Amino acid sequence: MTFRTNRTQSRHVNHVNTNGLAALMIRIARADRAAFARLHAQLRPGLVAYVATVPLDPADVAAVTNAAFIEVWRLAGRSPERETDAVGWIYAIAARRAGDRWAARMAIALEKEQPMDLLATFDRQTQIELDTLLARSAGTGHER
């Protein structure tokens with residue numbers, strides 16, 4: 001499944017306030033959890049709506065969005081320097097993860113086997129990691 005459609009992405013990205021996003025990404029690359037929490041709050045609604053354009057159930061949409069934010073945290077130092085490019089980069093991460101999740105669900109359905117708990121285990125670990133990052137953002141914002 002090809003998910004990276006410029007028209008779909010543009011519809012969601014155009015509503016994102018990119019002011020200060022490059023500075024946030026620099027701070028996130030330096031393990032600033034407060035900056036990550038701010039980015040998460042700013043981009044999550046649009047990213048959820050974007051991922052929801054893939055035929056996934058709501059739990060998968062949430063899991064994909066969470067995994068995308070964890071990947072952003074881990075790779076922030078590699079993000080593009082321009083704000084609009086950084087938004088596109090984040091949406092591209094979500095698009096790839098959504099496509100992977102859809103393919104995994106289709107493979108499970110085609111095999112007609114009971115789905116293994118691998119996706120559920122991954123989703124729980126991702127949620128724990130995201131909750132930890134966001135919970136610590138209220139502190140100094142610099143512990144990793």
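A residue is called buried here when its relative accessible area is under 20%, exposed when that area is over 50%, and partly exposed in between (1.4 Å probe, protein chains only). By this definition Ala-31 is buried, with a relative accessible area of 7%. The structure is a predicted model, in which local features need pLDDT of at least 70, side-chain atom pairs count only at pLDDT 80 or more, and totals for chains, interfaces and linings use all residues. Residues are numbered from 1 along each chain as its sequence is written, and side-chain values use heavy atoms, with hydrogens and water left out.

The protein chain contains 6 helices and 0 strands, where helices (H or I, at least four residues) and strands (E, at least two) are DSSP runs numbered from the N terminus. Along the sequence, the pattern reads α-α-α-α-α-α. The chain has 144 residues, and 41% of them are buried. Its accessible surface is about 8,100 Å², with 53% belonging to carbon and sulfur atoms; these areas come from the Shrake-Rupley method with a 1.4 Å probe, and for residues only the protein chains shown count as cover. A contact means heavy atoms within 4.5 Å. Among contacts between residues at least 6 apart in sequence, 76% join residues at least 24 apart.

We can turn next to the interior. In soluble globular proteins, nonpolar side chains tend to be buried together. A nonpolar core is taken as a set of buried Ala, Val, Leu, Ile, Met, Phe, Trp, Tyr and Cys residues joined through side-chain atoms within 4.5 Å. The largest such core has 33 residues, of which Met-25, Ile-28, Leu-39, Leu-47 and Ile-90 touch the most other members. At least two residues of this core come from each of helix H2 (21–29), helix H3 (33–51), helix H4 (58–75), helix H5 (83–111) and helix H6 (118–136). The most is given by H5, with 9 residues. Leaving out residues up to four places away in sequence, Ile-28 touches Ala-35, Phe-36, Leu-39, Trp-73 and Ala-76. As for Ala-31, this residue lies in the loop between H2 and H3, and its phi is positive, at about 70 degrees, although Ala-31 is not a glycine.

The packing of H3 against H4 deserves a paragraph of its own. Two packed helices are described by the angle between their axes and the distance between the axes. For H3 and H4 the angle is about 145 degrees and the axes are 10 Å apart; axes are lines fitted to C-alpha atoms, for helices over the stretch in contact, and angles run from 0 to 180 degrees between N-to-C directions. The crossing of H3 and H4 is right-handed, a crossing being right-handed if the near helix is turned clockwise from the far one by less than a right angle, and left-handed if anticlockwise. Residues making the contact include Phe-36, Leu-39, His-40, Leu-43 and Leu-47 of H3, together with Val-61, Val-64, Phe-69, Val-72 and Trp-73 of H4. His-40, in helix H3, is buried, with a relative accessible area of 11%. Apart from neighbours within four places in sequence, His-40 is in contact with Phe-69, Leu-130 and Leu-134.

Aromatic rings also take part in this picture. Rings of Phe, Tyr and Trp (its six-membered ring) pair if their centres lie within 6.5 Å, and planes under 30 degrees apart count as stacked, over 60 as edge-to-face and the rest as tilted. The whole structure holds 3 aromatic pairs. One of them joins Phe-36 and Phe-69 edge-to-face, at 6.3 Å centre to centre and with 85 degrees between the planes. Phe-36 is buried at 0% relative accessibility, and Phe-69 is buried with a relative accessible area of 0%. The rings of Phe-36 and Trp-73 have centres 5.4 Å apart and planes at 75 degrees, so this pair is edge-to-face. Because Phe-36 lies in helix H3 and Trp-73 in helix H4, the pair ties together parts 37 residues apart in sequence. Trp-73 is buried at 4% relative accessibility. Phe-36, Phe-69 and Trp-73 form one aromatic cluster.

Tyr-91 lies in helix H5 and is buried at 0% relative accessibility. Its C-alpha atom is separated by 8.8 Å from that of Val-51, 40 residues apart along the chain. Ala-95, likewise in helix H5, is buried at 3% relative accessibility. Ala-95 and Leu-47, 48 residues apart in sequence, are 9.5 Å apart in space, C-alpha to C-alpha.
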